[in-house]
Amino acid sequence: MHRKGTMRTIGQTAVRFALVLSFAAPLLSAQVSSYGDKQVGQPNDQPPSILKGVGIAQHLNTQLPLSLTFTDDAGKPVALASYFGKKPAILALVYYQCPMLCSEELNGLTSALQMVRYIPGKDFNIIVVSIDPSEGTDLAAAKKRTYLKRYGRPETANGWHFLTGTQPNIDALTQAVGFGYVKIPAGADGKLTQFAHASSIQIVTPEGKLAQYYMGVEYSPKDLLLGLDEASSNRIGSPVDNILTYCYHYNPESNRHDLIIARVVQLGGLVTVVLLGGFMLIMFRRDFKHGHDWSNTPHGTAKKVDG
């Protein structure tokens, strides 16, 4: 009976462990969503040559060139200065026809803002600027409609600004921000215009100074709230790690973007497995001890009840 009870306990624990591994295995494979052309690249400490010049240099406390003029999503020329003076802003540098990364960046920002108590237009502005001078008002307006609908509060439309501009003005703004990007050679059809770039959003003070950078495509609502709160008082934050500086690279041979953050995803999966393995070890030892204690308990001896 002792041996059977112990073996049953070990068997149950083994089944639990197998189930845990079945859930953890996808994490270790570092697979990211497979829709579209997103593919997982090989971990590499050296970025591809095409990414030379791509990255984010955090120019904290740098004054943005507020005299620059862009075109807003209604087709009207606007000075960058018109969005500053009284409230902070969140700045995102993207391009509207980006096949993958820019949409994920704006999706992450919108999702985070849904959990932030500050209101666009009232407490801060959202400024999205295209780095592609060939993009026009129609694309900007379509993107605004998309993300305003996703945000779910149409009354905040006056706080969302999707801009386009000329190459000189784009260059002046990206250089001030420290946003390095590279235009990708056209594909085989000669029509593909894309950019290799990093992903980040910037918090800007009411004076137009860069106060905080947030890297990647997902943002903590708590961090955004804190960043906006500090920036509203013209306080400058601290540099953050450039973990996701190089997010995508373009493969001319396959005519697709490859994701090269597999190393980061794999690390997260490894940590998860280690934690789950530790938990299962504790459970195994507890179950084994329980089975051992049970085997040492006299069985079949009824306790006498008086009366």
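This is a predicted model: local features need pLDDT of at least 70, side-chain atom pairs count only at pLDDT 80 or more; totals for chains, interfaces and linings use all residues.

Reply: Residues are numbered from 1 along each chain as its sequence is written, and side-chain values use heavy atoms, with hydrogens and water left out.

Me: What makes a space the second largest cavity, and what volume lies in it?

Reply: A cavity is a set of points, on a 1 Å grid over the protein atoms alone, where a 1.4 Å probe fits but cannot get out. The volume is the space filled by probe spheres set on the points, which are joined across faces, edges and corners. For the second largest cavity this is about 40 Å³.

Me: Which residues line the second largest cavity?

Reply: The lining consists of Val94, Tyr95, Tyr96, Cys98, Cys102, Ser103, Leu106 and Lys143; lining residues have an atom within 4 Å of a point. Helix α2 (residues 101–113) gives the largest share, 3 residues; a helix is a DSSP run of H or I with at least four residues.

Me: Why is Asn61 called partly exposed?

Reply: Its relative accessible area is 43%, and partly exposed lies between buried (under 20%) and exposed (over 50%), with a 1.4 Å probe and protein chains only. Therefore Asn61 counts as partly exposed.

Me: Why does Asn234 count as partly exposed?

Reply: Asn234 has 32% relative accessibility, so it counts as partly exposed.

Methods: On a 1 Å grid over the protein atoms alone, a cavity is a set of points where a 1.4 Å probe fits but cannot get out, and a pocket is an open set with protein on both sides within 12 Å along at least five of seven lines; lining residues have an atom within 4 Å of a point. Helices (H or I, at least four residues) and strands (E, at least two) are DSSP runs, numbered from the N terminus.
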